[in-house]
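Have the viewer open and follow along, heading by heading.

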Amino acid sequence: MSKIQIHIVKRLLIGVLLTLCLVGCTGLSEKPEQLAQQEKAERPIPTLDYIEVLTGEARAEEELPMVVIVHGLGDQPESFVSFMKVLKEKVRVILPRGPMPWGEGFAWFGRSTKGNWDELSPGMADSAKRLALLLARLVGLKPTRGRPILTGFSQGGMLSYAVATAYPETIGLAVPISGLLPKPLWPAKKQARLVYPQIRALHGRADGIVPIVHARDTVTHLQKIGLDATLEEYPL
């Protein structure tokens, strides 16, 4: 992807934030039960590093909407900080850092070989869990209005799908950009006892890295099992 396309994607992310940062989502008063049970049963998972940005002259002690932006392969959270300056609304923006060094940036999992997206499933599932735990901890520590909004590009878009389907009660809205969900991670059915977020996916029809057909297949499956998921397509 060219630098111009990356710039356009980042501007699109800001557009998403401007539109969604004040969306009212169902409150999350405590850590979701499924995460609490898993933490008791398994070894502790290392905490992810992140950057926090307060926009619109917000104060840290204020109850604020939380928007989480997940970077893509080889990127880093620092590259998004300057884009936050255009936000006039008061928002707590969380920019997590991928756990794996990758070139001059970081990654959340490896790269697929010859478009074999299914092989990414184990690493994607691990990072999705780590993100979900981070969000649950942050909501417990910081005064938050409603559930967090989760968005991201490429690998960040994939993790937006993954968290929304595997740990639905940690977020109120997912906006995957240029992402997909590998079939091994597709939920077989909608769990009646869980409250799922809305999923509003965005994808470019000319995307040569993550072909849009995979986003279409992902959203179609999620719709079939009863999730509130849509896909908006762009020419880029």
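Which residue follows helix 6, and is its phi positive or negative? Helix 6 is followed by Gly226, which has a positive phi near 100°.

## About the model

This is a predicted model, in which local features need pLDDT of at least 70, side-chain atom pairs count only at pLDDT 80 or more, and totals for chains, interfaces and linings use all residues. Residues are numbered from 1 along each chain as its sequence is written, and side-chain values use heavy atoms, with hydrogens and water left out.

The mean pLDDT (the predictor's confidence in each residue, from 0 to 100) of the protein chain is 85, and 81% of its residues reach 70 or more. Over residues 21–31, pLDDT is below 50, although in the model this stretch has 24 contacts beyond near neighbours in sequence. Contact here means heavy atoms within 4.5 Å.

## The chain as a whole

The protein chain has six helices and nine strands; these are DSSP runs numbered from the N terminus, with helices being H or I of at least four residues and strands E of at least two. Of its 236 residues, 52% count as buried. Buried means under 20% relative accessible area, exposed over 50%, and partly exposed in between, with a 1.4 Å probe and protein chains only.

Take the contacts between residues at least 6 apart in sequence: 77% of them join residues at least 24 apart. The accessible surface of the chain comes to about 11100 Å², and 53% of that belongs to carbon and sulfur atoms. These areas come from the Shrake-Rupley method with a 1.4 Å probe, and for residues only the protein chains shown count as cover.

## Two nonpolar cores

A nonpolar core is a set of buried Ala, Val, Leu, Ile, Met, Phe, Trp, Tyr and Cys residues joined through side-chain atoms within 4.5 Å. The largest one has 40 residues, of which Met124, Leu159, Tyr161 and Ile199 touch the most other members. Two or more residues each come from strand 2 (66–70), helix 4 (121–141), helix 5 (155–166), strand 8 (198–204) and helix 6 (212–224). Helix 4 gives the largest share, eight residues. Apart from this core lies another, of 17 residues, among them Ile69, Met84, Leu173 and Ile177.

Beyond four places in sequence, the residues that Tyr161 touches include Ile199, Ala215, Thr218, Val219 and Leu222.

Thr230 sits in strand 9 (residues 229–234). Thr230 counts as partly exposed because its relative accessibility is 33%. Thr230 and Arg200 are 30 residues apart in sequence, yet their C-alpha atoms are 5.2 Å apart in space.

## A buried arginine

Arg97 lies in the loop between strand 3 (92–96) and strand 4 (100–102). Arg97 counts as buried because its relative accessible area is 14%. Its side chain makes a polar contact of 2.7 Å with that of Asp49 and another, also 2.7 Å, with that of Glu78. A polar contact is a pair of N or O atoms within 3.5 Å; within protein, one must be able to donate a hydrogen and the other to accept it, and residues adjacent in sequence count only if both atoms are side-chain atoms. Not counting residues up to four places away, Arg97 also touches others, including Tyr50, His71, Phe106 and Trp108.
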